[in-house]
Amino acid sequence: MHLKKNYFDLAKYSFLFLWLFIASCNNEKIEDTKTYFGGKIKNPREQFVYFFKDEKVIDSAKIENSRFLFELKSLENGLYTFKHGPEFQYLYLEPQDSLLLYLNTWNFDETINFSGKGSRKNNFLINLFLKQEEIEKLNHDTFHLDQYDFAARIDSITASLVMEYEKLVEAENEEPSEFFKKLAEVAIYYPGYAKMEYFPMKHRDQNENYDHPEVSDDFYSYRSKVDL
């Protein structure tokens, strides 16, 4: 993901402004418990950004000079959604985060980049999402493999994603919330589990053998870890 330097400068100085604002409030002994989410949208499709929780709009922000800002009170840590035009994307937010976004609507998902407090977790999740899309394309034609080679391919991909998560935890230098741990676990493991579930049918189709393929009992051992 390559962004021009001035966009990073914008995010840096915008976050600095928010940090100074919060710090000044603290100096005045006013506790600021708000969570901030804002940023820049290049080539906006409409005038507003919408903020969702559980598919319900809870706030909107007008875009002015390609920029927007939400000030969110009493926010609980969890998964949220922002929507602009026909596109939407998920966010993970915790109380008192100051999260800034940059994106270009001409290439929505691929240009999303976060800065500020809470950015590492969100960049991890968006990169995980993009990597899973890439893996999906690369592995579309691997269902012809036998069950052992296919399972080994899934295990290898999952191990690489686990390493990315461990790097995030090390960089954060603090224990993630239980909610984020669960969210990361689902994002890392469940796409692989889904591929394992439909392996027999895909394997049958790619090999043009329309007998139901046999798999060993331990092929589905992951099911003991999942509430189907």
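User: Hi, new to this one. How many helices and strands are there in the chain?

Analyst: This is a predicted model, and its chain has six helices and eight strands.

User: What pattern does the chain follow along the sequence?

Analyst: Reading along, you get α-β-β-β-β-β-β-β-α-β-α-α-α-α.

User: And how many residues are in the chain, and what share is buried?

Analyst: The chain has 228 residues, and 42% of them are buried. As for contacts with a separation of 6 or more, 58% are between residues 24 or more positions apart.

User: OK, on to the sheet. In what order do the four strands of the open sheet come?

Analyst: The order is β3-β2-β5-β6, with antiparallel pairing. At the edges sit β3 (56-62) and β6 (87-93), each of which pairs on one side only. On average, neighbouring strands in this sheet are turned by 25° against each other, ignoring direction.

User: Let's look at β5. How many bridges does β5 have with β6, and how many with β2?

Analyst: Strand β5 (residues 78-84) pairs with β6 over seven bridges, in the antiparallel sense. Three bridges join β5 to β2 (residues 48-53), again antiparallel.

User: What's between β5 and β6?

Analyst: Two residues: the strands form a hairpin, and G85 in the turn has a positive phi of about 60°.

User: Is β5 mostly covered or mostly open?

Analyst: Mostly covered, with five of its seven residues buried.

User: Switching to helices. At what angle do α4 and α5 cross?

Analyst: Roughly 165°: the axes of α4 (residues 147-172) and α5 (residues 178-197) also come within 10 Å. That angle is over 145, so α4 counts as roughly antiparallel to α5.

User: Is that crossing left-handed or right-handed?

Analyst: The crossing of α4 and α5 is right-handed.

User: Which residues make the contact?

Analyst: From α4 it's F150, A151, I154, T158, L161, V162, Y165 and L168. On the α5 side you have F180, K181, A184, I188, Y189, G192, K195 and M196.

User: How many of those are nonpolar, polar and charged?

Analyst: The contact of α4 with α5 has twelve nonpolar residues, two polar and two charged.

Definitions and conventions:
Residues are numbered from 1 along each chain as its sequence is written. This is a predicted model: local features need pLDDT of at least 70, side-chain atom pairs count only at pLDDT 80 or more; totals for chains, interfaces and linings use all residues. Side-chain values use heavy atoms; hydrogens and water are left out. Axes are lines fitted to C-alpha atoms, for helices over the stretch in contact, and angles run from 0 to 180 degrees between N-to-C directions. Angles under 35 degrees count as roughly parallel, over 145 as roughly antiparallel, 65 to 115 as roughly perpendicular and the rest as oblique. A crossing is left-handed if the near helix is turned anticlockwise from the far one by less than a right angle, and right-handed if clockwise. Contact means heavy atoms within 4.5 Å. Ala, Val, Leu, Ile, Met, Phe, Trp, Tyr, Cys and Pro count as nonpolar, Asp, Glu, Lys and Arg as charged, and the others, Gly among them, as polar. Two strands pair if DSSP finds at least two bridges between them. Buried means under 20% relative accessible area, exposed over 50%, partly exposed in between (1.4 Å probe, protein chains only).
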